[in-house]
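Hi,

Here is the structure I promised to pass on. Have a look when you get a minute, and my notes follow below.

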Amino acid sequence: MIAIDILQDAFFAAIAGIGFGAISDPPLRAFRYIALLAAAGHATRYCLMTFLGVDIATGSLAASLLIGMLSLWAGRRSRCPMTVLYIPALLPMVPGRFAYNMVFSQLMFLQSMDNPAERTMYMDMFFSNTMVTCSVIFMLAVGATLPMFIFPKQAYTITRDNKYRSSWKFFGKR
């Protein structure tokens with residue numbers, strides 16, 4: 001039953017990743033890698049949160065690091081830039097429930113200006129949901145871009161082939 005839950009989570013993340021990828025119009029060869037990255041990342045976060053009790057921000061950081069590292073490999077194989085692959089794969093991990101509750105609590109705060117007890121409750125909800133949403137989005141961005149800073153040469157040369165690099169050598173540029 002555990003394996004089915006993990007595979008189901010990965011499957012739906014892959015579908016969402018493909019959907020988000022379709023919006024940015026990548027080449028067709030990139031879609032299988034986007035799906036793979038989204039499935040691996042979301043399943044990693046699901047496992048960390050469910051079985052190890054890791055919080056959502058730390059789980060998102062670990063999952064986005066995995067997506068970033070795998071996008072180096074997938075970028076080379078699909079001859080697409082890393083960002084084309086990892087941005088659609090990260091989008092299914094944006095904490096939509098927390099973002100929705102953040103906006104909802106803000107609206108309810110504004111509607112309950114005459115009741116101090118409700119106002120305090122909605123303000124507390126707003127700040128806690130804002131902290132979770134912002135923390136997770138920040139961790140997703142850091143984790144996905146960190147491999148580009150760790151391996152700058154590999155990240156840059158993903159879409160370049162040897163023939164291209166050798167022709168620039170003729171012109172004195174490298």
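How far apart do the end C-alpha atoms of residues 86-110 lie, and how much of the span is helix? In this predicted model, the distance is 37 Å, with 80% of the span in helix and 0% in strand. I picked that stretch from the UniProt entry, which is unreviewed and annotates residues 6-23, 30-51, 57-74, 86-110 and 130-151 as "transmembrane region". For residues 130-151, the end C-alpha atoms are 32 Å apart, and the span is 95% helix and 0% strand.

Then there's helix H6, which runs over residues 116-150. With 35 residues at 1.5 Å each, H6 should span 51 Å, so the 50 Å between its end C-alpha atoms agrees. There is a bend in H6, though: about 25 degrees at Ala144, with a proline, Pro147, following within four residues. Both Ala144 and Pro147 are buried, and so are other H6 residues, including Tyr122, Asn129, Thr133 and Leu140. As for what they pack against, the buried residues of H6 meet helix H2 (31-51), helix H3 (56-78), helix H4 (82-90) and helix H5 (96-111).

One more spot to look at is Ser78, which sits in helix H3. Ser78 is buried, because its relative accessible area is 1%, and the cut-off for buried is under 20%. A polar atom of the Ser78 side chain lies 2.8 Å from the backbone oxygen of Ala74. Leaving out residues up to four places away in sequence, Ser78 touches Arg29, Tyr33 and Leu85.

Cheers

Technical notes. Residues numbered from 1 in each chain as written. Predicted model: local features only at pLDDT ≥ 70, side-chain atom pairs only at ≥ 80, totals over all residues. Heavy atoms only, no water. UniProt positions renumbered as here; feature names shortened; annotations may be inferred. Helix = DSSP H or I, 4+ residues; strand = E, 2+ residues; numbered from the N terminus. Expected span 1.5 Å × (residues − 1). Bend = angle between axes of the 7 residues up to and from the residue. Buried < 20%, exposed > 50% of the residue type's maximum accessible area, 1.4 Å probe, protein only. Contact = heavy atoms within 4.5 Å. Polar contact = N/O pair within 3.5 Å; in protein donor to acceptor, adjacent residues only side chain to side chain.
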